[in-house]
Amino acid sequence: MTYQQKYIANWHDSFVSYVGSLLGVIAGLEVRPEATHDDKAALEDIKMMLAGGDAEDVERDLAAGIVKKSTLDKIEKINGDMVNACLTHIPINPFVREFWKQMAHIHNAKNKRAEEMRLQALQIPIVEN
């Protein structure tokens, strides 16, 4: 196995672990007595993101050892959508909510760019869709 293949295999395992960990956190939060109907609905939305088509596509691409532009885009979208769902649900000042959303989206974009740089350094091609 080449180091490129090993990197993608480790990335796959990390992604699967990340999704599983978040689903575990959600399962734990859903059963808490203080969880309201609205809380559970927000958590259900996040579960759908984590078990939805975009997450399945990312997992499948990485399992196949392929990194597509859409793979990176979908990871960024999943993370951004989760941030939006969480921050929309939290009762905070709209100005503060917008600040946190923008900060999280900047952070997600930075992470995506860092991954693109790692892939380039490792000579792992990013396949166009």
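**Helix packing, salt bridges and a surface patch**

Helix 2 and helix 4 are roughly antiparallel to each other. In this predicted model, the axes of helix 2 (residues 37–51) and helix 4 (residues 69–89) come within 10 Å and cross at roughly 175°. Because angles over 145 degrees count as roughly antiparallel, the crossing at roughly 175° gives that assignment. On the helix 2 side, the contact involves D38, D39, A42, I46, M49 and L50, which meet I78, D81, M82, A85, C86 and H89 of helix 4.

A search of the whole structure returned 13 salt bridges. One joins the side chains of E34 and R32, with an N to O distance of 2.6 Å. E34 is partly exposed at 48% relative accessible area, and R32 is partly exposed at 43%. Within helix 2, E44 and K47 lie three residues apart, about one turn of the helix, and form a salt bridge in which the closest N and O atoms are 3.2 Å apart. Relative accessibility is 33% for E44 and 24% for K47.

A further salt bridge is formed by K112 and D73, with the closest N and O atoms 2.4 Å apart. This pair links distant parts of the chain, K112 lying in helix 5 and D73 in helix 4, 39 residues apart. K112 counts as buried at 18% relative accessibility, whereas D73 is partly exposed at 24%. Through shared partners, salt bridges join K69, D73, E76 and K112 into one network.

The surface also carries a nonpolar patch formed by F95, V96, F99, W100 and M103, with about 540 Å² of accessible area together. F95 lies in helix 5 (residues 94–121) and counts as exposed at 69% relative accessibility.

Conventions:
Residues are numbered from 1 along each chain as its sequence is written. This is a predicted model: local features need pLDDT of at least 70, side-chain atom pairs count only at pLDDT 80 or more; totals for chains, interfaces and linings use all residues. Side-chain values use heavy atoms; hydrogens and water are left out. Patches are made of residues with over 30% relative accessible area and no salt bridge: like charges are joined within 9 Å, nonpolar side chains (Val, Leu, Ile, Met, Phe, Trp, Tyr) within 5 Å. Accessible areas come from the Shrake-Rupley method with a 1.4 Å probe; for residues, only the protein chains shown count as cover. A salt bridge is a side-chain nitrogen of Lys or Arg within 4 Å of a carboxyl oxygen of Asp or Glu. Helices (H or I, at least four residues) and strands (E, at least two) are DSSP runs, numbered from the N terminus. Buried means under 20% relative accessible area, exposed over 50%, partly exposed in between (1.4 Å probe, protein chains only). Axes are lines fitted to C-alpha atoms, for helices over the stretch in contact, and angles run from 0 to 180 degrees between N-to-C directions. Angles under 35 degrees count as roughly parallel, over 145 as roughly antiparallel, 65 to 115 as roughly perpendicular and the rest as oblique. Contact means heavy atoms within 4.5 Å.
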